[in-house]
Amino acid sequence: MDIVTGQLRLRGKLALVTGAAQGIGEATVRRLASEGARVVCVDLDDKVVAMAQAVGGETLAIVGDVTDVTVLRAAVQETERRWGRIDILVNNAGIDGAPALLADGEDRDFDRVIDVNLRACWLAMKLVLPGMVAGGGGAIVNVASVAALIGFETLSIYSASKAALVGMTRTAALEYGRHNIRVNALCPGGVLTPLALSFMDEGTTQAWADKHALKRFAEPEEIAAAVAFLASNDASFITGAAIPVDGGMTAH
Ligand SMILES: NC(=O)c1ccc[n+]([C@@H]2O[C@H](COP(=O)([O-])OP(=O)(O)OC[C@H]3O[C@@H](n4cnc5c(N)ncnc54)[C@H](O)[C@@H]3O)[C@@H](O)[C@H]2O)c1
């Protein structure tokens, strides 16, 4: 809520969120919708349909793989056909790949992680930017990771994908700032979602929590709050930034 006007911060905005079925993506959809945005939710998992229905309002679900350009193109075209434009893109879909020392990594894992975490974000930005330019502005939030900023043993491919996403974010911000388009990356620390649970063995959960100054994981809603901030006019002078939302993990 804007304390000056009393209006919802994202009222009338149109947002597209990838990886929306669960975790940070789902929390982001709920947060953006609660702030007045209409949200298009894309996910591989068809539970995104029930999630979008539960959120209600003008929320649309699209089931598909973000690495497939025809899926992304259809999502952008359908959104623009229905609602005229896209103001906010949240590139959130991501995977961590199988944990492995660098020399033990598999080619297919490298290709899939880069495809989902980097190439799909590039494709989505390519598809929405012309409409944002024509519409006079927009905000893009790329969900990276603290793994873009510091190393994590057994996550070399994931780290590389997220560091590359930060590099792409900074360059896109330079290229499109003149069109009033802001492009930022968010670098979460550990967030209690199915993805995080997949790389923690039983017994290592507390050790992971202890890597954060706050000695705990984030709830997905705490990341969604930062996404909503970056997507809103409250962040009107923030672009090209890679913002840690990491409970102090990178404060060492
Ligand atoms: N959870 C963490 O600790 C953490 C930390 C830092 C960054 N992140 C990043 O946050 C983002 C969301 O992570 P999360 O923890 O919510 O993960 P999650 O696994 O809980 O949810 C990811 C969602 O993305 C969807 N998805 C995956 N690949 C897809 C594809 N090819 N096409 C369409 N949808 C796809 C999944 O179906 C799932 O619904 C990811 O980019 C992740 O790298 C997570």
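Axes are lines fitted to C-alpha atoms, for helices over the stretch in contact, and angles run from 0 to 180 degrees between N-to-C directions; helices (H or I, at least four residues) and strands (E, at least two) are DSSP runs, numbered from the N terminus. This is a predicted model, in which local features need pLDDT of at least 70 and side-chain atom pairs count only at pLDDT 80 or more, while totals for chains, interfaces and linings use all residues. Residues are numbered from 1 along each chain as its sequence is written, and side-chain values use heavy atoms, with hydrogens and water left out.

Q: Why are H4 and H5 called roughly parallel?
A: Helix H4 (residues 107-135) and helix H5 (residues 156-176) pack at an angle of about 15°, with their axes 9 Å apart. Angles under 35 degrees count as roughly parallel, over 145 as roughly antiparallel, 65 to 115 as roughly perpendicular and the rest as oblique, and H4 and H5 are therefore roughly parallel.

Q: Which residues of H4 and H5 meet?
A: Contact means heavy atoms within 4.5 Å, and the residues that meet include Phe110, Trp122 and Leu129 in H4 and Tyr158, Leu165 and Met168 in H5.

Q: What makes strand E5 largely enclosed by the rest of the structure?
A: Buried means under 20% relative accessible area, exposed over 50%, and partly exposed in between (1.4 Å probe, protein chains only). In strand E5 (residues 138-143), 6 of the 6 residues are buried, so the strand is largely enclosed. Both faces are covered, with Gly138, Ile140 and Asn142 buried on one side and Ala139, Val141 and Val143 on the other.

Q: How do you know that E4 and E5 pair?
A: Two strands pair if DSSP finds at least two bridges between them, and strand E4 (residues 88-91) is joined to E5 in the parallel sense over 4 bridges. Val90 stands opposite Val141 in E5. On its other pairing, E5 is joined by 6 bridges to strand E6 (residues 181-188), again in parallel, and here Val141 stands opposite Asn184.

Q: What makes E5, H5 and E6 a right-handed unit?
A: A crossover is right-handed if, with the strands pointing away from the viewer, the path from the first strand over the helix to the second runs clockwise, and E5, H5 and E6 make such a right-handed β-α-β unit.

Q: Why are E3 and E7 called edge strands?
A: The open sheet has 7 strands in the order E3-E2-E1-E4-E5-E6-E7, with parallel pairing, and strand E3 (59-63) and strand E7 (242-245) each pair on one side only.
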